[in-house]
Amino acid sequence: MTSGDNQNAEILAEFIIESRETLEKVEPLVIELEQSCAPQGETLAIIFRCFHSFKGTASFLGLEHTASLAHSAESLLDLYRRGAPIEAHQVDLLCRALDTFRGILDVVEVDASDASKGDACRALAAALDEAVSRTRAHSVPKSPRTALNKTSHHQDGANATAPVVLPQPWLPSTDPSSADAAGVGAHDAHGTLDVDWGESNVPITTEMLTRFVSESEEHLAKVEEVVVGLERGVAGGEDVAEAFRAMHSFKGNCGMCGLSDMEVLTHRAETLLGHFREKTRVPDEQSTSLTLEVLDVLRAALAKVPQGAASIPQLPALLARFDALDDKTAQRRRTVAQQQPAPPADATGPVKAAGSIRVDTEKLDALMNLVGELIIAETTVTKNPDLEGQTLENFQKAALHLNRLTRALQDIAMSVRMVPISQSFRKMMRLVRDLGTKQKKSVELVLTGEDTEVDKTVIEAIADPLVHLIRNSIDHGIESQEERTERGKPPSGKIWLEARHQGGEVWLTVRDDGKGLNTERILAKALERGIAEPHRQYSEREIFDFIFAAGFSTAAQITDVSGRGVGMDVVRRNIEALNGRVEVVSQVGVGTTFTLRIPLTLAIIEGMLVRIGKAHYTIPLLAIRESVKAHPSDITRLHDGKELLKLRRTHYPIIKLAETHRVPDAGTSAMDGTLVVVESGERLACLLVDEVVGQRQTVIKALPGYLNKVRWLAGCSILPNGDISLILDIAGVVGSAESRAA
Amino acid sequence: MPQLSDSDLTDGSKYLTFTLADVGYALNIDTVTEIIGLQGITAVPDVPAYIKGVINLRGKVIPVMDVRARFGMQAQAYNNRTCIIVIEVSQICVGLVVDAVSEVFSIPQSDIEPPPRVFIGSNNRVVSGLGKVGDEVKLILDPAILVGTGNPSLATEAS
């Protein structure tokens with residue numbers, strides 16, 4: 001099975017990297033055991049957990065000898081957890097186990113099998129087992145220290161009466177669906193027993209819980225993605241294997257934290273995924289729907305974990321449904337278990353370990369800040385006014401070199417925070433599936449440009465907008481199957497979700513082949529809501545713009561999905577907060593396309609530096625249409641003193657910051673200065689500036705938080721000569737000018 | 001020049017003293033980060049009148065408050081003695097424009113009296129005590145109240 005080889009090879013590689021890290025982490029702790037002989041419960045817990053997960057993955061990969069050695073070590077550690085005294089020579093055995101593991105990893109890296117280490121493992125395992133039985137005989141294990149949960153009192157009672165079952169490996173369990181808290185698990189496809197220690201005997205700190213919750217969210221998301229993919233037939237063997245591992249890790253963590261309901265439920269889901277992987281079960285609708293349901297239940301329980309109440313009332317019902325599925329696969333499972341091939345001895349050659357590392361986002365933010373400051377500082381030096389008028393050849397050469405280095409550093413620093421947008425896109429797959437099913441519409445989601453990279457902050461900011469847009473698409477855009485067939489469209493609707501880099505921006509498009517935007521209905525609704533003025537002619541683009549108004553919605557019915565009219569204005573606001581914009585194009589009967597344009601880098605802005613009064617301002621280039629020097633004949637004065645600029649055949653209101661925002665010393669004569677035509681959404685206006693200095697690329701700095709947020713300023717930047725230029729938020733400028741006019 | 005006794009140097013906290021309209025004030029140096037000469041202030045429109053704008057302090061943009069305006073005193077043209085005292089309160093950095101800066105004195109707790117109750121009003125709570133330095137009395141200011149941290153309405157309050 002070559003695909004099996006490939007799957008295994010990849011998992012093997014990751015296993016080797018992770019295990020090496022784990023061994024490094026655990027070794028000093030084991031040595032600590034030797035020295036102190038009365039170690040912290042937490043140390044023991046960490047060591048135990050390391051051996052446990054090492055054992056689990058080794059077993060999954062078919063490294064039987066490794067798994068059994070790990071298991072013996074684990075048994076000894078469990079006795080320590082229960083208060084058995086620690087003897088130095090026993091700890092020595094544990095150290096030797098670590099060494100053996102290291103050796104095994106080296107061998108596995110080349111051979112993908114631990115067969116050659118079989119004897120060494122067996123000998124050491126025997127020694128450990130002997131230590132275990134001797135310790136058990138000599139000391140009376142106290143009842144296990146229980147987890148620091150509200151349920152601790154109950155557990156104490158339960159443990160006093162339940163027999164202390166030390167697990168025998170390779171023993172089949174008699175009752176696969178038992179929700180027994182002592183956690184004796186069921187057979188999995190490899191025929192090995194996967195034992196989980198139902199309760200943890202160590203206090204769980206809040207920090208551990210928080211980490212558990214966030215890691216688990218990742219695991220569950222991964223599994224969900226794969227299951228939805230399985231439904232559509234696009235998930236491959238490696239995806240399923242990855243999902244299996246994610247489920248397995250999650251299960252182990254639940255066990256450690258004493259969350260027995262979640263652990264049991266996860267175990268059943270994990271077993272099901274195992275069937276998918278071994279192809280002993282076809283991922284039919286029944287099983288995938290059940291799995292997705294279970295994921296939702298687990299997520300809900302996860303949310304309750306911080307409060308300490310993570311029981312699952314629906315557990316028996318869900319387990320019954322798993323049983324119903326299992327009955328069908330029981331036959332096939334046994335056949336495959338017998339035919340299970342030995343792990344390939346001649347794998348695809350030596351496995352290369354890819355390098356990767358988890359980094360704190362705080363450190364990344366600090367790095368980004370420093371790089372931004374460095375760029376400012378560099379310009380302050382190289383473009384210093386002191387140097388004006390001087391010819392400094394050597395200096396210029398050095399400055400140029402410095403500039404190249406700084407830009408290169410900046411590029412890399414930016415790229416560090418760049419993340420492929422695929423994770424955001426893939427989350428939409430579940431959404432489309434659920435909505436489509438709910439509304440009985442057949443919708444297909446096509447993703448393009450998934451590996452387009454986007455700044456991490458952008459990913460977080462576009463999540464909601466994408467959801468809104470897709471919901472609207474399915475709710476209002478895509479017609480029912482009958483309607484579509486009537487119109488000669490394919491019965492299944494399509495939504496294209498695309499990401500690409502365009503200029504210095506990221507363009508995200510959401511396109512559907514639904515019924516398009518109906519301008520008449522939109523205008524009617526806008527008039528009704530008082531957003532549009534009656535008896536006024538609006539262009540198609542202006543009408544489309546109404547849908548972004550707060551509280552606007554043409555949905556006759558408010559479904560729980562959308563129709564409350566809060567979607568589109570939030571979308572626009574979120575995108576504009578990123579200095580981006582939203583555009584919409586639509587054709588009745590054909591479809592609608594929304595384009596989100598977001599600047600590639602959030603920290604640097606391409607702007608036009610202008611002088612208004614004595615101060616300098618920067619206008620984001622994205623917002624500028626053009627700039628003109630006006631003729632008196634182009635300026636019309638209104639009765640209330642406001643002026644309009646006539647450009648080609650349209651009139652634009654002229655905004656003078658001197659008047660609207662009391663900017664001191666700003667010119668007020670439209671003829672003397674330059675008029676910069678700016679746009680915000682579909683609103684266009686002219687900004688009167690005294691002088692256009694030039695285009696600049698500058699680093700955005702936030703205005704000090706101490707100053708209450710001035711809505712028409714987006715921040716500030718430091719010019720080369722040390723002066724500060726305020727960055728205009730055009731949406732705010734145009735908006736507040738309008739509201740003053742009203 | 002007020003005489004410092006030996007005990008002054010060892011007990012009590014240190015205070016930076018400065019003048020505004022010939023009145024002496026003091027600020028605990030725990031909050032003072034630095035003192036800089038007057039430099040170009042970039043005005044920021046739509047802020048309270050006593051916020052003069054922002055300055056560039058070695059690449060950091062910090063707001064600047066004119067303390068005269070904050071206390072409702074008449075404005076005075078800035079001259080070469082005018083300084084900016086940069087303080088940091090609750091992680092907020094603010095520059096204070098004052099007429100002139102004097103010395104740092106140690107003022108023991110025994111030489112500090114609470115402010116007289118006769119003056120009532122939010123502006124006067126900013127004086128947290130009266131400190132005796134030699135023959136003179138310095139008005140000790142509470143930097144948190146001066147800057148208005150924890151009091152969001154302060155920034156919009158007319159001075």
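**Salt bridges and local contacts**

Glu224(A), Glu231(A), Asp296(A), Arg299(A), Arg430(A), Arg433(A) and Asp434(A) are joined in a network of salt bridges (a side-chain nitrogen of Lys or Arg within 4 Å of a carboxyl oxygen of Asp or Glu). The model is predicted: local features need pLDDT of at least 70, side-chain atom pairs count only at pLDDT 80 or more, and totals for chains, interfaces and linings use all residues. Residues are numbered from 1 along each chain as its sequence is written, chains are lettered from A and ligands numbered from 1 in the order in which they are written, and side-chain values use heavy atoms, without hydrogens and water.

**Salt bridges**
- Over all chains, the whole structure contains 39 salt bridges.
- Arg611(A) pairs with Glu691(A), with the closest N and O atoms 2.9 Å apart.
- Arg611(A) belongs to strand S8 (residues 604-612) and Glu691(A) to strand S16 (residues 691-699) of chain A, so the pair ties together parts 80 residues apart in sequence (strands are DSSP runs of E, at least two residues; helices are runs of H or I, at least four; both are numbered from the N terminus).

**Thr406(A)**
- Thr406(A) lies in helix H13 (residues 393-416) of chain A.
- Thr406(A) is buried at 5% relative accessibility (buried means under 20% relative accessible area, exposed over 50%, partly exposed in between; 1.4 Å probe, protein chains only).
- A polar atom of the Thr406(A) side chain lies 2.4 Å from the backbone oxygen of Leu402(A).

**Cysteines**
- The structure holds zero disulfides over all chains (a disulfide is a pair of cysteine sulfur atoms within 2.5 Å).
- Cys254(A) is buried, at 0% relative accessible area.

How values were computed
A polar contact is a pair of N or O atoms within 3.5 Å; within protein, one must be able to donate a hydrogen and the other to accept it, and residues adjacent in sequence count only if both atoms are side-chain atoms.
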